[in-house]
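Please look over the model shown here. The report that follows takes its loops, helices, cores and pocket in turn.

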Amino acid sequence: MDLQALEFHPFSNLFPLLQGEDFTHLAKDIELHGQREPIILFEGRILDGRNRYRACLELGREPDTRPFEGADALEFVLSLNLRRRQLTIAQRAVIAAELSALREQIAQAEAKSSAPGETSHDSAMGIEQAAQLLGISPRSVSSASRVVREGAPELVDAVRNGKVSVSAAEHVSKLDRTLQQEICAKGARALSKAAREIRLKDKPSAPAKMPSAPAATPTLQDMLLVEQTAPQPAAAHALAKKPTALKLFELADQAMQEGREPESVAEALLAELEEGIDHQRLIFTIEVAIHLRDRVTARD
């Protein structure tokens with residue numbers, strides 16, 4: 001068998017390949033103990049076992065392969081990978097978006113190949129169905145669909161590999177693809193910075209204030225009242241800046257109303273906070289929320 005001739009089936013490509021230490025550990029295990037599970041082939045391509053195949057190539061070993069014998073190849077791939085992998089919400093969203101697009105392509109191909117008057121099986125899958133299958137909100141899948149449709153391959157891979165959130169990638173996908181590629185090449189921090197700048201740019205500006213009437217001459221009573229109630233400079237700065245905890249709850253409430261995931265709230269919070277945030281206060285707020293979650297859950 002010409003090992004180089006084995007290609008990856010589109011169904012298997014829905015899931016990210018192992019990278020870095022995870023792949024190194026797999027190759028080392030195969031080197032020491034052999035290939036524990038066969039590589040499954042479907043339509044002459046690898047349906048399951050891409051990482052095992054890559055490891056065998058690296059080790060110069062002949063891979064053990066088996067043909068797929070089930071009834072639904074796509075269901076087989078989804079079942080295996082969703083069970084064996086710890087996927088982030090962003091990764092699930094991209095998988096759901098690509099799955100929806102792939103099923104649409106299959107449905108169109110079946111419609112073209114059907115004889116006149118013949119009713120073909122409907123293989124299409126909408127965003128809501130894909131979201132339910134992957135256990136995430138339709139809003140996340142909708143955002144990921146835009147990234148898949150308009151984003152550069154490097155941007156999609158960044159989401160798939162957990163380097164950037166779906167919400168951040170959706171903002172970056174509005175840029176020219178060449179610019180997207182340049183930002184992706186600079187890494188995760190550059191992606192987050194670009195997303196934050198685009199988000200602030202797209203944010204509606206506050207309505208212009210009407211000019212106020214000339215202030216009346218203050219009375220002695222007014223002056224005394226101001227002196228008694230005016231905050232100190234440090235306190236005034238604290239009042240002008242919205243507390244992190246309050247911003248956290250506002251974003252969480254908005255996200256729940258829109259059906260978004262907790263991960264998107266964290267991304268939005270980090271994107272909107274100014275540099276120099278008091279990390280200790282943020283961490284303390286998080287710890288309080290964790291204790292509340294445990295107690296509220298215990299009551300249910």
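## An exposed loop residue

A residue counts as exposed when its relative accessible area is over 50%, and as buried when that area is under 20%; in between, it is partly exposed. The model is predicted. In it, E43 has a relative accessible area of 55%, so E43 is exposed. E43 sits in the loop between strand 1 (39-42) and strand 2.

The backbone of E43 deserves a look. Most residues other than glycine have a negative phi. E43 is not glycine, yet its phi is positive, near 55 degrees.

## Overall make-up

The protein comes to 15 helices and 3 strands. It has 300 residues, and 35% of them count as buried. Take the contacts between residues at least 6 apart in sequence: 71% of these join residues at least 24 apart.

G70 lies in the loop between strand 3 (65-67) and helix 3. Its relative accessibility is 45%, so G70 is partly exposed. F42 is 28 residues away from G70 along the chain, and their C-alpha atoms are separated by 10.0 Å.

T88 belongs to the loop between helix 3 and helix 4. T88 also counts as partly exposed, because its relative accessibility is 33%. T88 and S165 are 77 residues apart in sequence. Their C-alpha atoms are 9.3 Å apart in space.

## Helix 6

How far apart are the end C-alpha atoms of helix 6? Helix 6 covers residues 138-150, which makes 13 residues.

Several residues of helix 6 are buried: S140, V141, S143, A144, S145 and V147. What covers them includes helix 4 (89-113) and helix 5 (127-134). Helix 7 (153-160) and helix 8 (166-172) are also among the covering elements.

## Nonpolar cores

In soluble globular proteins, nonpolar side chains tend to be buried together. Here the largest nonpolar core has 41 residues. V159 and L191 have the most contacts inside this core. Helices 3 (73-84), 4, 5, 6, 7, 8, 9 (177-185) and 10 (188-202) each supply at least two of its residues. Helix 4 gives the largest share, 8 residues.

Which residues does L191 touch, leaving aside those up to four places away in sequence? They are L155, A158, V164, V172, I183 and C184. Another core, of 5 residues, lies apart from the largest one. Among its members are I39, L41, I46 and Y53.

## The largest pocket

Rolling a probe the size of a water molecule over the atoms shows where empty space is left. The largest pocket holds about 690 Å³ of space. Its lining has 28 residues. Nearest the centre of the pocket lie P16, L18, N51, R84 and R85.

Which elements each supply at least two residues of this lining? They are helix 1 (20-33), strand 2 (45-48), helix 2 (50-59) and helix 3. Helix 1 gives the largest share, 4 residues. By type, the lining divides into 9 nonpolar, 10 polar and 9 charged residues.

Technical notes
Residues are numbered from 1 along each chain as its sequence is written. This is a predicted model: local features need pLDDT of at least 70, side-chain atom pairs count only at pLDDT 80 or more; totals for chains, interfaces and linings use all residues. Side-chain values use heavy atoms; hydrogens and water are left out. The expected span of a helix is 1.5 Å times one less than its number of residues. Buried means under 20% relative accessible area, exposed over 50%, partly exposed in between (1.4 Å probe, protein chains only). Contact means heavy atoms within 4.5 Å. A nonpolar core is a set of buried Ala, Val, Leu, Ile, Met, Phe, Trp, Tyr and Cys residues joined through side-chain atoms within 4.5 Å. On a 1 Å grid over the protein atoms alone, a cavity is a set of points where a 1.4 Å probe fits but cannot get out, and a pocket is an open set with protein on both sides within 12 Å along at least five of seven lines; lining residues have an atom within 4 Å of a point. Grid points are joined across faces, edges and corners, and a volume is the space filled by probe spheres set on the points. Ala, Val, Leu, Ile, Met, Phe, Trp, Tyr, Cys and Pro count as nonpolar, Asp, Glu, Lys and Arg as charged, and the others, Gly among them, as polar.
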